[in-house]
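Please walk through this structure with me.

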Amino acid sequence: MDSRQKVVVVGAGPVGSLAALYAASRGDDVEIYELRGDLRDPSTTPLNFTRSINLALSERGINAMRHAGQPKLIEHVMAATIPMRGRMIHGIRPNGDLYEAPQDYDVHGRTIFAIDRGGLNKRLLDILEEMPNVKFFFNHKLTGADFQRNKAWFVVAEKEALAAGKQPREIEIDFDLMIGADGAHSSVRYHMMKYTRMDYQQEYIDTLWCEFQIQPKKDSGSKSSKFKISPNHLHIWPGRDFMFIAIPSEDGSFTCTLFAPAAVFGQLEADREGVKLAPFFDQHFPGVTSLIPPPELIASFHQNPHLPLINVKCKPHHCSSSVVIVGDAAHAMVPFYGQGMNAGLEDVRILFGILDKHAAVDSSMATEAGVPIAATRAAQRELALAEYTAVRVPDAHAINDLALQNYIEMRASVLSPVYRLRKFLEESLSVYVPRLGWQTKYSRVSFGNERYSEVVAKSEHQGRVLVRGLIGAVGLPLISGGLFLYFRYRRAVEVSLRELLRGLAGFLNSR
């Protein structure tokens with residue numbers, strides 16, 4: 001008897017496309033429904049009406065694609081990325097000189113990658129289009145779902161019918177498993193709430209964002225010379241209560257984002273002529289107006305939307321054996337850890353790992369009992385989805401909280417001597433005393449595949465150990481003086497501490 005199941009994926013973005021690829025690679029019949037038109041078509045308008053073309057791809061997302069059963073996927077995706085080895089902090093000295101201060105992400109030289117969202121999406125969709133068991137349904141809006149009878153209803157937005165003034169038609173489909181990957185305002189999640197007791201928390205932080213562009217140099221000779229600033233860094237202009245960032249693109253441009261409280265946006269919006277905008281940038285983000293001419297800055301600010309940032313948590317992430325939500329549909333987060341897409345791609349890897357585990361056990365039991373394999377699929381899925389919720393919810397909540405905390409780090413803490421000292425100590429311990437297993441929280445999140453909740457627990461433990469160690473070694477009065485010396489003579493202090501740790505490492509290794 002045919003054991004294939006019909007998997008319906010709602011949402012054809014990177015996370016939904018990867019989920020469809022995992023399902024199709026397992027031989028299931030896959031249908032992908034997308035609210036918008038074909039995302040490979042340049043005329044398709046993004047849901048937030050911005051380009052939003054740059055994303056940060058790190059180990060979790062790469063690992064999820066690595067396990068998709070498509071070796072060429074990683075090769076094609078990575079060929080179109082730009083490695084970023086750290087942050088570049090921009091500021092101005094008391095004498096008026098501009099400065100750039102690099103902060104490597106990782107003491108071991110590991111990088112994260114800037115990637116074009118559209119390019120990533122196109123590669124995934126192109127692979128799916130070649131698979132005989134995959135069908136696409138663009139311009140389909142989910143309007144209803146019955147997760148007891150496994151049926152769903154979609155409205156089809158056909159251009160010809162709409163142009164003729166006709167009502168859009170509705171279709172009914174059935175499915176074995178629905179995967180909701182339809183974003184922060186998920187229709188799948190909305191309909192799930194009618195069938196399961198879902199705890200749901202939605203929070204808008206007091207920050208809006210607006211997109212800008214740094215254009216590439218004109219008439220540049222080589223590929224590397226088309227960038228106005230370093231292409232291998234995430235550029236940050238920290239402003240304590242707000243910030244401006246820039247991420248590189250392959251064409252030599254940078255996609256930039258202003259993050260600021262709603263009140264600040266309100267003041268700048270009231271200035272319709274843009275007279276105050278360039279002085280605001282010169283005061284808080286020195287050097288930006290030399291990269292983006294004031295007329296372009298003003299035009300972008302008034303033409304591009306000023307959008308909110310949403311944080312969504314919910315539990316459970318599934319309902320019975322019928323439906324599961326992944327990516328932003330399950331845990332939309334603010335973008336300050338660069339983990340939104342990576343966490344969503346990791347959802348897919350973990351989900352299908354658990355599904356595979358239960359399928360193998362139940363198939364073996366069904367064969368021994370003489371029961372058709374297909375008869376066990378619903379029961380297998382229900383157990384697997386319940387385990388997925390139990391495993392993933394704590395990690396989803398953990399990375400949501402980390403993303404909120406990292407906004408404070410990016411806009412303010414990167415300038416703090418306490419932050420720099422802790423980062424230096426943790427990285428030095430990682431290099432010189434590796435047996436301790438010491439790593440920064442950022443390294444654990446961005447360059448490993450540990451559970452997010454375990455990363456938080458280990459980081460908090462390291463923080464307590466450092467504080468107790470410093471207080472026990474020198475006492476509170478000397479700590480404040482030590483921070484002052486570190487901030488003033490940072491290079492000399494770091495050299496001395498490095499020599500001390502190198503000596504400690506030699507002593508431990510000789511024992």
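How many salt bridges does a search of the whole structure find? The search finds 22. A salt bridge here is a side-chain nitrogen of Lys or Arg within 4 Å of a carboxyl oxygen of Asp or Glu. This is a predicted model, so local features need pLDDT of at least 70 and side-chain atom pairs count only at pLDDT 80 or more, while totals for chains, interfaces and linings use all residues. Residues are numbered from 1 along each chain as its sequence is written, and side-chain values use heavy atoms, with hydrogens and water left out.

Take Arg60 and Glu346. They form a salt bridge, with the closest N and O atoms 2.9 Å apart. Arg60 lies in helix H2 (residues 59–66) and Glu346 in helix H12 (residues 340–369), so the pair ties together parts that are 286 residues apart in sequence. Helices (H or I, at least four residues) and strands (E, at least two) are DSSP runs, numbered from the N terminus. Is Arg60 buried or exposed? Arg60 counts as buried because its relative accessibility is 0%. Glu346 is buried too, at 1% relative accessibility. The cut-offs are these: buried means under 20% relative accessible area, exposed over 50%, and partly exposed in between (1.4 Å probe, protein chains only).

Now look at Glu387 and Lys357. Their salt bridge brings the closest N and O atoms to 2.6 Å. This pair also links distant parts of the chain: Glu387 sits in helix H13 (residues 377–411) and Lys357 in helix H12, 30 residues apart. Glu387 is partly exposed, with a relative accessible area of 23%. Lys357 is partly exposed as well, at 42% relative accessibility.

Arg110 counts as partly exposed at 29% relative accessibility, whereas Asp106 is buried, with a relative accessible area of 2%. Salt bridges can also form a network. Asp38, Arg40, Lys122, Asp126 and Glu129 are linked in this way.

In helix H10 (residues 294–303), the residues Leu297, Ser300 and Phe301 are buried. Why do they line one face of the helix? Seen down the axis of H10, the buried residues fall within an arc of 100 degrees, so they line one face. The arc is that of the directions from the helix axis to the C-beta atoms. The face turned away from the buried side of H10 carries the exposed residues Pro295 and Gln303. The cover over the buried residues of H10 includes strand E13 (199–214), strand E16 (254–260), helix H7 (262–270), helix H8 (277–284) and helix H9 (288–291).

Turn to H7 itself. Which of its residues are buried? Val264, Phe265 and Leu268 are. They cover an arc of only 100 degrees around the axis, which puts them on the same side of H7. Ala263, Gln267 and Ala270 are exposed, on the face of H7 turned away from the buried side. Among the elements covering the buried residues of H7 are E13, E16, H8 and H10.

Now the sheet. An open sheet of three strands runs in the order E9-E10-E11, with antiparallel pairing. Strand E9 (140–146) and strand E11 (169–174) stand at the edges with a single partner strand each, so one side of each is left without a neighbour in the sheet. The twist averages 25 degrees from one strand to the next. Axes are lines fitted to C-alpha atoms, for helices over the stretch in contact, and angles run from 0 to 180 degrees between N-to-C directions. Strand E10 (residues 151–156) and E11 pair in the antiparallel sense over six bridges. Two strands pair if DSSP finds at least two bridges between them. Phe154 stands opposite Ile171 in E11.

Finally, the cysteines. A disulfide is a covalent bond between the sulfur atoms of two cysteines. The structure holds zero disulfides, the criterion being a pair of cysteine sulfur atoms within 2.5 Å. Cys314 counts as buried at 1% relative accessibility. Cys319 is buried, with a relative accessible area of 7%.

Technical notes: Contact = heavy atoms within 4.5 Å.
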